[in-house]
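Good morning, and thank you for coming. Please look at the sequence and the structure as they are shown, and follow along as I go through the packing of this chain.

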Amino acid sequence: TLLSIASEGLFLLAGVLSPCYPMPVIQTREVAMRIESTRSEWIRSALFVDFDNIHIGLEEEYGKNIARIFGCDSAQWVEWVERQAVVLGQDGKARPRKLLIRRCYMNPESFPGYRRRFTQAAFEVIDCPPLTEKGKTSTDMHLVMDVLDALADPVHLDEFIIMSGDADFTPLLLRLRRHDRLTAIFSARRASAAYKASSDRIIA
């Protein structure tokens, strides 16, 4: 699981790190055919990370070290989510994910040290600074608008992954279900019953 990998601190489970071998010389047409065959096996996914919510939740539930690992080693757990956390497609077959969209929403004032790590892991990082005296950010609105934009994108996305424990995203999950898209959530804290019921899968 994602948390078991984090608890090890090295993210080396499930063969995440593997030796590299030289690629054989293959004719261009054969390469194209293999790529097309591989694409048909992918679940085309979009990943949206409410960083503040997950980091704070991990710190409260599992300690500062686990929260730090989540922020510092994003490339490793993303690899696990994409390649190892196999999802069942609508045809019932187990398939790996292909993350076509990676977006992270982060308060740059509270977490200034993690932005570079997520950028290096090929995330688009959206800065969401506080807008009120109480520290309220615009993360929820940014995330919802981006998901709806992705839903209307010409490139069909099979699955939307929301990394947040915020039950406010329940209507968003229901909208995605209405459009016949697979959904998955990850929550650092115990998620509400309605939030879990609105998702096809809970990443643990």
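This is a predicted model: local features need pLDDT of at least 70, side-chain atom pairs count only at pLDDT 80 or more; totals for chains, interfaces and linings use all residues.

Let me begin with a pair of helices, H3, which covers residues 51–62, and H4, which covers residues 64–72; their axes lie 6 Å apart and form an angle of about 150 degrees. Because angles over 145 degrees count as roughly antiparallel, H3 is described as roughly antiparallel to H4. Their crossing is right-handed. On the H3 side, the contact is made by Phe51, Ile54, His55, Leu58, Glu59 and Tyr62, and on the H4 side by Lys64, Ile66, Ala67, Arg68, Phe70 and Gly71. By type, these contact residues comprise seven nonpolar, two polar and three charged.

The protein chain has 204 residues, of which 43% are buried, and it contains nine helices and eight strands.

A second pair of helices may be set beside the first. Helix H7, residues 139–151, and helix H8, residues 170–178, have axes that come within 11 Å and cross at roughly 5 degrees. Angles under 35 degrees count as roughly parallel, and therefore H7 is roughly parallel to H8. Leu143, Val144, Val147, Leu148 and Leu151 of H7 meet Leu172, Arg175 and Leu176 of H8. Here the contact residues divide into seven nonpolar, no polar and one charged.

Which residues of the largest nonpolar core touch the most other members? They are Leu47, Phe70, Trp77, Phe118, Phe123 and Met163, in a core of 28 residues. Two or more residues come from each of strand E1 (43–50), H3, H4, helix H5 (74–84), strand E4 (97–106), strand E6 (159–163) and strand E7 (182–186). There is also a second, separate core of 20 residues, and among its members are Tyr105, Phe160, Ile162 and Leu172.

Is phenylalanine 118 buried or exposed? Its relative accessible area is 0%, so phenylalanine 118 is buried. Beyond its neighbours within four places in sequence, phenylalanine 118 is in contact with Phe51, Phe70, Gly71, Ser74, Trp77, Cys104, Met106, Phe123 and Val125. Phenylalanine 118 also lies 7.4 Å from alanine 75, C-alpha to C-alpha, although the two are 43 residues apart in sequence.

Finally, for the chain as a whole, 62% of the contacts with a separation of 6 or more are between residues 24 or more positions apart.

Technical notes
Residues are numbered from 1 along each chain as its sequence is written. Side-chain values use heavy atoms; hydrogens and water are left out. Axes are lines fitted to C-alpha atoms, for helices over the stretch in contact, and angles run from 0 to 180 degrees between N-to-C directions. Helices (H or I, at least four residues) and strands (E, at least two) are DSSP runs, numbered from the N terminus. Angles under 35 degrees count as roughly parallel, over 145 as roughly antiparallel, 65 to 115 as roughly perpendicular and the rest as oblique. A crossing is left-handed if the near helix is turned anticlockwise from the far one by less than a right angle, and right-handed if clockwise. Contact means heavy atoms within 4.5 Å. Ala, Val, Leu, Ile, Met, Phe, Trp, Tyr, Cys and Pro count as nonpolar, Asp, Glu, Lys and Arg as charged, and the others, Gly among them, as polar. A nonpolar core is a set of buried Ala, Val, Leu, Ile, Met, Phe, Trp, Tyr and Cys residues joined through side-chain atoms within 4.5 Å. Buried means under 20% relative accessible area, exposed over 50%, partly exposed in between (1.4 Å probe, protein chains only).
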